[in-house]
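Q: I am new to this structure and would like a close look at one part. Please walk me through the aromatic rings and what surrounds them.

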Amino acid sequence: MAIWTDVFVLGLVLTNFRLLSSSRLAAMIETMVLQAIALTVIPLTLADHPWPLRLMTLSLVTLTVKGVLLPWLLRRSMRAADVQREIEPFIGYTVSILTGIALLGLAFLIAQPLKAATGPGLASLLPGALFSILTGLLIIVSRRKALTQVVGYLVMENGIYAFGAALAVKEPLLVEMGVLLDVFVAVFVMGITIYQINREFDHIDTDRLSELKD
Amino acid sequence: MLLSIVAIPAVLGAAAFFISSRRLRRAMLLLGSGGHVAAVAVNAVRPAAVEPGAWVGLDATGLLFLAVTSILFAAVAVYTAGYLGRESGRIVNDAEEGFAFYNWPEAKFIGCLLLFLATMSLVCISRDLGLLWVAVEATTLVSAPLIGFHRHHRSLEATWKYLMICSVGIAMALLGNFFLAYAGHGQVHLNLDDLLSKAAGLDPLWLKAAFLMLLVGYGTKMGLAPMHTWLPDAHSEAPSMVSTLLSGTLLNCAFLGILRGNSVLNAAGLGTFSGELLVFFGLLSMSIAAVFIVGQVDYKRMLAYSSIEHMGILSLGVGLGGLSGVGAMLHAACHSLTKGMLFLCAGQLLHVYGAKTAADVRHALHSLPITAFLWMAGFLAITGSPPFGLFISELTILKGALESGRWAVAAGYLAALGIIFIAMARVVLPMVFGSTREPAATTGDASYAREPRWFVIPAASLGIGVVFLGLYMPPAIWDFLSRAAQLAGGR
């Protein structure tokens with residue numbers, strides 16, 4: 001099944017590049033759905049047939065939370081704050097893609113020594129997951145809109161989740177569920193805050209939230 | 001039995017959202033806090049043995065942080081009940097920019113406060129690092145609305161920074177947890193006892209990476225420099241009792257996450273690696289705090305940077321280990337009590353003078369004698385002067401550093417403490433003794449006492465606690481602190 005792991009990790013990497021290059025929030029949210037599908041499938045490709053019931057449950061919950069509920073919350077915040085697209089990010093789209101390529105290289109570099117300490121089957125997953133984390137961080141620091149930063153946070157969280165995917169077969173289900181629940185509530189609270197920022201300031205550009213400093 | 005510590009505030013907190021009677025809601029807050037204190041006391045007096053492999057359990061380190069949380073929350077609950085009586089339904093005039101704003105609905109505020117207590121208690125009793133992570137993340141989510149209680153743009157900015165920076169930080173800690181699982185080649189669960197007993201067989205490379213991630217992740221939440229950037233904003237914009245809880249209890253809880261990681265690394269024989277990292281971040285936090293306290297004009301921000309300094313001291317103490325580790329445990333307790341008293345005083349000064357700038361508060365001794373006395377005592381305590389508990393704990397940490405021959409660390413530690421003492425004195429002394437200036441008439445509400453009992457009693461009680469710990473240390477408490485330090489990975 002190792003080949004399928006590689007295929008879906010490749011899917012994860014490609015969706016990251018799409019996120020780095022798009023300015024329309026609707027397109028970004030669509031890409032998040034694709035990413036959620038890849039994340040759901042990766043743990044299944046790592047497990048042996050027949051899949052254990054707990055793993056199936058986890059996949060189902062992951063797909064529901066990351067593929068349905070979170071995009072729904074994001075779209076709702078988009079409507080409430082009335083934003084369509086990211087305008088003039090701190091780092092332009094071409095530069096973002098080029099930075100992304102550099103980050104992909106970095107992810108492979110970091111994963112090299114760690115790979116030796118893990119079992120087979122994770123050869124592509126480790127750099128793929130690291131790349132997702134780095135992409136998420138890049139989106140958070142390079143975009144102006146609060147909503148885009150939330151997408152960045154989710155991409156980073158997806159990368160971390162991909163790390164966990166390799167362990168999903170052994171770890172207690174409760175922890176994974178707790179993680180998903182926390183992420184869901186986090187986005188919910190962020191959505192409320194975005195709505196309030198929008199009402200208070202008439203915009204959600206975080207670089208203009210800059211009164212508090214020393 | 002143990003779970004009642006979480007269940008009591010959680011149930012009352014959830015119920016508070018739906019109760020429309022103000023009196024009943026405030027009674028529930030006091031009830032939740034009282035119940036929590038009682039439940040912690042029962043568990044402290046008759047501790048159940050920690051079962052290996054259990055999800056929750058109470059060891060000495062957890063009990064120390066839990067007890068501090070419970071005491072501080074009790075003080076805050078009394079203060080909040082009075083505070084809401086004064087603030088409810090009032091349109092508040094912004095002190096600095098002169099525009100009006102509303103507060104959040106009170107039901108949400110009380111509900112979130114109680115849920116905040118429940119999640120912090122869960123952090124203290126978690127034996128599973130995964131559960132601990134879930135609980136720490138939950139504390140962020142229930143405390144974010146508390147920071148934004150005053151509905152105006154500066155609190156919103158602080159709330160957004162807090163949410164975003166802490167969420168990213170906590171995500172890094174999750175990565176650290178997964179790295180720990182990788183270190184066990186997927187054969188070891190994230191249960192603390194399991195990890196400690198099998199520590200020798202864990203992969204050192206993954207283990208080091210895991211600790212680094214836990215340190216960066218929970219360190220963000222704890223306010224270690226350079227990941228501290230959310231902290232001064234959140235502490236200065238939140239209502240004062242929320243600042244009290246953030247500074248006195250939440251930072252400790254995040255520290256507990258780092259301590260759990262530290263104990264695993266110690267058991268695996270990598271204590272030097274984790275210890276040196278803790279010492280480094282400790283000294284860095286102290287220096288950065290010193291830089292920002294010098295010339296600080298906003299007294300609430302000054303307290304926030306002082307929290308960063310003290311988190312640095314905690315990290316330094318545990319990193320040095322031995323006697324310093326015990327000092328750090330005592331320091332954690334004393335810092336929380338003192339900072340609680342100081343933030344409550346700051347809230348009172350802010351209410352009466354209507355200004356966060358220290359230059360606008362003058363000769364408080366004349367108009368607010370009790371507040372000014374407590375504020376002055378708190379300043380002496382927080383800078384480590386005798387006879388307060390922080391003097392003993394800072395001295396113990398210094399002694400530990402000297403005993404282990406860390407002269408350079410000791411010198412840096414003393415230099416930072418000295419600079420901060422002078423810088424804070426320059427802010428605090430003129431506030432208390434400066435030339436007379438009556439508080440602005442517009443902000444003080446005539447129908448309420450300037451120094452109400454609901455403020456004086458909690459603040460003074462916290463102060464008495466710190467004095468007690470400084471004057472007399474019962475051997476039982478010292479033994480308890482030593483055990484806590486041992487479990488936290490004292491070398």
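A: A charge sits over a ring if NZ of Lys or CZ of Arg is within 6 Å of the ring centre and within 35 degrees of the ring normal. A:R76 places its charged end over the ring of A:W72, 5.5 Å from the centre. In chain B, B:K208 lies over the face of B:F273, with 5.3 Å to the ring centre.

This is a predicted model, in which local features need pLDDT of at least 70, side-chain atom pairs need 80 or more, and totals for chains, interfaces and linings use all residues. Residues count from 1 along each chain as written, chains are lettered from A and ligands numbered from 1 in written order, and side-chain values use heavy atoms, without hydrogens or water.

Now to the rings themselves. Over all chains there are 17 aromatic pairs (Phe, Tyr or six-membered Trp rings with centres within 6.5 Å; planes under 30 degrees apart are stacked, over 60 edge-to-face, the rest tilted). B:F179 and B:W206 are edge-to-face because their planes stand at 70 degrees, with centres 5.0 Å apart. This pair joins helix α6 (residues 153-183) to helix α8 (residues 204-222) of chain B, 27 residues apart (helices are DSSP runs of H or I, at least four residues, numbered from the N terminus). B:F179 is buried at 5% relative accessible area (buried is under 20%, exposed over 50%, partly exposed in between, with a 1.4 Å probe and protein chains only), and B:W206 is buried at 0%.

Conventions:
Helix = DSSP H or I, 4+ residues; strand = E, 2+ residues; numbered from the N terminus.
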